[in-house]
Amino acid sequence: MKLIKVAAATLNTTPLDWDGNVRALRGAIADARAAGVTILCAPELCLSGYGCEDAFHMRGVQERALESLKALAPETNGLVVSVGLPLMHQNALVNAACLFVDGKIVGFVPKQHLAGDGIHYEPRWFRPWPSGARGIVELGGGQQVPIGDLLFDIGGVRLGFEICEDAWVAQRPGGALSKKGLDLLLNPSASHFAFGKHAVRERLVAEGARAFAVTYLYANLLGNEAGRVIYDGGVLVAQNGKVLARGPRFSFSDHAIAAATVDIDATRTVQSRTGSFEPEFGAEPDVRVPFRYPDCAPAPDVDLPDDPYSVKEEEFSRSVALALFDYLRKSRSEGFVVSLSGGCDSTVVSALCALMVELGWAQLGREAFLAKLKHVRGLSEAKTTKEAIGKLLTCVYQSTRNSGQVTRDAAAGIAKVLGARFLELDVDAQVAGYTAMVEKALGKPFSWEKDDVTLQNIQARSRSPSVWMIANAKNALLLATSNRSEVAVGYATMDGDTSGGLSPIAGIDKAALRIYLRWLETVGPKGLAPIPALASVTNQAPTAELRPREQNQTDEADLMPYHVLDQVERAAIRDKQTPLECYRRLHVAMPEIEKGQLAAWIERFFKLWCRNQWKRERYAPSFHLDDESLDPRGWCRFPILTSGFEAELADLRRAVQES
């Protein structure tokens, strides 16, 4: 047996935070050294941060990354460590992994396949490296280091790289490397969180380890790195198709590792006895470095437990809680303010803020949790999670004459059970004042019969100045509460209920939020109790409460049933279907809906979608949670001005009439 202890690291990095990113790297290296690890793989672009955007093109950023890399070298004495960074080579910027061996840089491997879809724009900044190409990097002082699609021999152990997207394509670099007698395949990644993606990622890693008969080290980023994208960690070590070690997911720590003792001879034996293995005879390593591996004791053969957070509601709770925590500390804000209406959306946002404290405190402990938020004035005095929530979360109920006692009581009750500070404001006088002022200016009275939208919107907009003022006074972050269903059809008042610096639930549809709230009420995240008081919200029909009470306003009467709206949106926007294609699909899926009504709802959706793209351009930043995001700055591009699908809607009407 040839036993080596290896590990993959997860790091919570921040774009351009050179000291912080290096500090996290040093922490991971120290943990690896303490655990007896010899080979450590760190994430993609972890020195600079993955989300630097156009700052990658700044010469100073490229130079600082190289300086930070050189400064890190002494930390790797006695170890083999890979670190990701942007690197300029022949006037082209590449996304590279640097390999340290015993304190020295021995080579750079650039990424071959760049992620350029969805939230990723790597081809905007980087150039893909051609398979098989080689070159030399001048590091100064006469030091020259190879760069390219390299195979390393480190003390008799052969290792190579596939960087993030390289593993998701049909022609993976690992396939070519495996023919050269590869032992270890390192994958430094920045793989963003999406619901259910971790299971896919784990299958990809295990299958790579099986198909190539290698030991596979998969590293990943962690937390809310740059504002919108969440990374869940979940690093892996696999060998011959079996996952040997998993790192934590949704950790509030700056770094963590997953380590395993692996037998290099075991993968070599599998290669030698596999009939389909076709070695590339004569293929020699590009880089040979002498290295002595310390003795290792064999590890017990154990089966890992399943991922405890595989349920969608668990992933939602923990991903958004971690994202809010990182956003709070990285933006230096001193808390959150939520305009709590007593309805589903604002209740979910408030609950997620509370979960941020509960989950972070439970994982880090009081002292470490408070230390990470030491910029928040007065927070250090908190002795319990409820006291910390009271310091960090302020909920504001703003009533008009159209508000009801049910929502007021629900808002007050939810704020109390969460531990938030609760403020109640009556903005009816402001609404009346604006209305009278504009009536006088225009020389005409407003009425609900003729000015419905105008009178609804002024109520929502009148709530914005006061809640912004509270957020400013507390140096806190105002959270908007719009959901994805509302975003799709513009069912929100700009500069009213869309006010805020961050919109945490804009990527989640209304139906899913109602299911999630019921889950919080009856089940709750692992390790935490459910919140039965949420029944005061889950038992309500969603309503904006902007029309007179006798009109019994509900969201679904204004729009359409939410389950229909969400299905139309998925068909039209996610799956790119025309109005007629949507109709044919939903007519089969929902035969209980009369065809004329279904067609009318589909037409309403397409018209509202086109009319409200300008709103989507103005929504506060949201978190990316799946491939159904409508964020035009990170996922779903659509023109502000269009014909409104006039021809396509005419096709729909004609087909329904003829059927």
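**Group meeting: helix pairs, strands and one threonine**

Okay, let's start with a helix pair: the axes of helix H20 (residues 579–589) and helix H23 (residues 646–658) come within 7 Å and cross at roughly 40 degrees. That makes H20 oblique to H23, since angles under 35 degrees count as roughly parallel, over 145 as roughly antiparallel, 65 to 115 as roughly perpendicular and the rest as oblique. Axes here are lines fitted to C-alpha atoms, for helices over the stretch in contact, with angles running from 0 to 180 degrees between N-to-C directions. On the H20 side you have Pro579, Leu580 and Tyr583, and they meet Glu648, Leu649, Asp651, Leu652, Ala655 and Val656 in H23. Contact means heavy atoms within 4.5 Å.

Before I go on, some housekeeping. This is a predicted model, so local features need pLDDT of at least 70 and side-chain atom pairs count only at pLDDT 80 or more, while totals for chains, interfaces and linings use all residues. Residues are numbered from 1 along each chain as its sequence is written, and side-chain values use heavy atoms, with hydrogens and water left out. Helices (H or I, at least four residues) and strands (E, at least two) are DSSP runs, numbered from the N terminus.

Helix H13 (residues 452–462) and helix H14 (residues 464–473) pack at an angle of about 15 degrees, their axes 5 Å apart. That makes H13 roughly parallel to H14. Ala460, Arg461 and Ser462 make the contact from H13, and Ser464, Pro465 and Ser466 from H14.

With strand E1 (residues 3–11), E11 pairs in the parallel sense over 2 bridges, and leucine 11 has leucine 221 as its bridge partner in E11. Strand E10 (residues 184–188) also runs parallel to E11, joined by 5 bridges, with leucine 184 opposite threonine 215. Between those two comes helix H5 (residues 197–212), and E10, H5 and E11 make a right-handed β-α-β unit. Right-handed here means that, with the strands pointing away from the viewer, the path from the first strand over the helix to the second runs clockwise.

Then there are the antiparallel partners. Strand E13 (residues 236–239) pairs with E11 over 4 bridges in the antiparallel sense, and tyrosine 218 has leucine 236 as its bridge partner in E13. Strand E12 (residues 230–232) is antiparallel to E11 over 3 bridges, with glycine 223 opposite tyrosine 231. The E11–E12 hairpin has 5 residues between the strands, and glycine 227 there takes a positive phi near 130 degrees.

Over to strand E3 (residues 80–89), where 9 of 10 residues are buried. Strand E2 (residues 39–41) pairs with E3 in the parallel sense over 3 bridges, and leucine 40 stands opposite valine 81. Strand E4 (residues 92–101) is antiparallel to E3 over 10 bridges, with proline 86 opposite asparagine 95. In that hairpin, which has 2 residues between the strands, glutamine 90 takes a positive phi near 50 degrees.

Next, an open sheet of 4 strands, order E19-E18-E17-E20, with parallel pairing. Its edge strands are E19 (421–426) and E20 (477–479), each pairing on one side only. Neighbouring strands are turned by 25 degrees against each other on average, direction ignored. Strands E17 (residues 336–339) and E18 (residues 393–399) pair in the parallel sense over 4 bridges, and serine 339 has valine 396 as its bridge partner in E18. Helix H11 (residues 405–418) packs on the sheet, touching E18 and E19, and its direction makes about 155 degrees with that of E19.

Last stop: threonine 498, in the loop between helix H15 (484–489) and helix H16 (510–522). Is threonine 498 buried or exposed? Buried, with a relative accessible area of 8%. A polar atom of its side chain lies 3.1 Å from the backbone oxygen of threonine 493, and the side chain of threonine 498 also reaches the backbone nitrogen of aspartate 495 at 3.1 Å. Leaving aside neighbours within four places in sequence, threonine 498 is in contact with Ala480, Ser482, Ala492, Thr493 and Tyr619.

Key
Pairing = 2+ DSSP bridges. Buried < 20%, exposed > 50% of the residue type's maximum accessible area, 1.4 Å probe, protein only. Polar contact = N/O pair within 3.5 Å; in protein donor to acceptor, adjacent residues only side chain to side chain.
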